[in-house]
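Q: Hi! Could you walk me through this structure in plain words? I'll just ask things as they come up.

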Amino acid sequence: MILETIDYKAPDSAAKFVQSLKDTGFGVLANHPIDKALVEKIYTEWQAFFNSEDKHDFLFKPETQDGFFPAEVSETAKGHTVKDIKEYYHVYPWGRIPESLKENILAYYQAANELAEELLQWIEAHSPEDVAVNYSIALPKMIEGSHKTLLRILHYPGMTGDEEVGAIRAAAHEDINLITLLPAANEPGLQVKGQDGEWIDVPCDFGNLIINIGDMLQEASGGYFPSTTHRVINPVGTDMSKPRVSLPLFLHPNPEVVLSSRYTADSYLMERLRELGVI
Ligand SMILES: O=C(O)CCC(=O)C(=O)O
Ligand SMILES: [Fe+2]
């Protein structure tokens, strides 16, 4: 499997991008409209937040799921028994956000949502007719004004050597949502699983934007777009002590959106969160 980086501004970018999503579940865009300087500022200021004790004032609320999730309550991926080596913060525009971090993170949330709408339009336009006919409403409409779309700021601390045996930064998993937008993180580690079972590094040049299909779009497209397994591996050697920050935006439809004859967005999400043990 090859993950080709696609120039967002090229005349055939939409067709190439959607082909990549169909073939691999992933698409990598260069030359896209997300402001790199903004992303860099966010990495720096959130790294400082995770290094401070302030984060404990924002402990997540189980009912609303916004706020800080310490490493002790971090996720265990579906089918795994060992917790991931990570802590994270869930940003929703309606949720709690540290005052000094609000401006940049909300600017990013909005810009990334706008781009996501355009990319869903690309996916809609390049879905074969027999697939598109099953979308209950246009894909960009599914996320319009959604309060469920989640921006997660992930902090993977530098490794100390005391980590639980078998634990990695993010164990192999699939995303639950429609699509995920992820700026290349400040350190490598993200890998995607090819159909032959081999792990491939996702091109992580700073400035790339990585997009992947989640289970909800796999469901809505009757399996045409695959929700591909991915993971984040631990750094080794001299990079071992380097922390890593990443910023996935999980695009979630409005809860009442019909995904398929089996699920609405809400019933699907609830089933998956129960499996993850976070509700
Ligand atoms: O940190 C990353 O690069 C990816 C994280 C991820 O896959 C997730 O949180 O679902
Ligand atoms: Fe993921």
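Predicted model: local features only at pLDDT ≥ 70, side-chain atom pairs only at ≥ 80, totals over all residues.

Q: Where is glutamine 65 found?
A: Glutamine 65 is in the loop between α2 and β3 (67-69). Helices (H or I, at least four residues) and strands (E, at least two) are DSSP runs, numbered from the N terminus. Residues are numbered from 1 along each chain as its sequence is written, and chains are lettered from A and ligands numbered from 1 in the order in which they are written.

Q: OK, and what about phi of glutamine 65?
A: That phi is near 65°, a positive value in a residue other than glycine. For background, most residues other than glycine have a negative phi.

Q: Which other residue has a positive phi of about 65° although it is not a glycine?
A: Asparagine 31 has one. Asparagine 31 sits in the loop between β2 (26-30) and α2.

Q: Why does asparagine 31 count as partly exposed?
A: Because asparagine 31 has 14 other C-beta atoms within 10 Å. A residue is buried if 20 or more other C-beta atoms lie within 10 Å of its own, exposed if 12 or fewer, and partly exposed in between, with C-beta atoms placed from the backbone. Glutamine 65 is partly exposed too, with 15 other C-beta atoms within 10 Å.

Q: New topic: helices. How do α2 and α3 pack?
A: Helix α2 (residues 36-51) and α3 pack at an angle of about 135°, with their axes 10 Å apart. That makes α2 oblique to α3. Angles under 35 degrees count as roughly parallel, over 145 as roughly antiparallel, 65 to 115 as roughly perpendicular and the rest as oblique. The axes are lines fitted to C-alpha atoms, for helices over the stretch in contact, and angles run from 0 to 180 degrees between N-to-C directions.

Q: How far apart are the end C-alpha atoms of α3?
A: They are 35 Å apart in α3 (residues 102-125), which agrees with the 34 Å that its 24 residues should span at 1.5 Å a residue. The expected span is 1.5 Å times one less than the number of residues.

Q: Which residues are buried in α3?
A: The buried ones are Ile105, Tyr108, Ala112, Ala116, Leu119, Leu120, Trp122 and Ile123.

Q: Switching to ligand 1, which residues are around it?
A: Around ligand 1 are Arg152, Leu154, Ala170, Asp175, Leu182, Ala185, Leu190, His230, Val232, Ser246 and Pro248. A residue is near a molecule or strand if its C-beta atom, placed from the backbone, lies within 6 Å of it. The elements giving two or more residues to this shell are β5 (150-156) and β11 (230-232).

Q: How many residues of that shell are nonpolar, polar and charged?
A: The shell around ligand 1 has seven nonpolar, two polar and two charged residues. Ala, Val, Leu, Ile, Met, Phe, Trp, Tyr, Cys and Pro count as nonpolar, Asp, Glu, Lys and Arg as charged, and the others, Gly among them, as polar.

Q: Where is leucine 21, and is it buried or exposed?
A: Leucine 21 is in helix α1 (residues 13-24). With 25 C-beta neighbours inside 10 Å, leucine 21 counts as buried.

Q: Last one: where is asparagine 234?
A: Asparagine 234 is in the loop between β11 and β12 (244-246). Its C-alpha atom is 5.8 Å from that of isoleucine 168, and the two are 66 residues apart along the chain.
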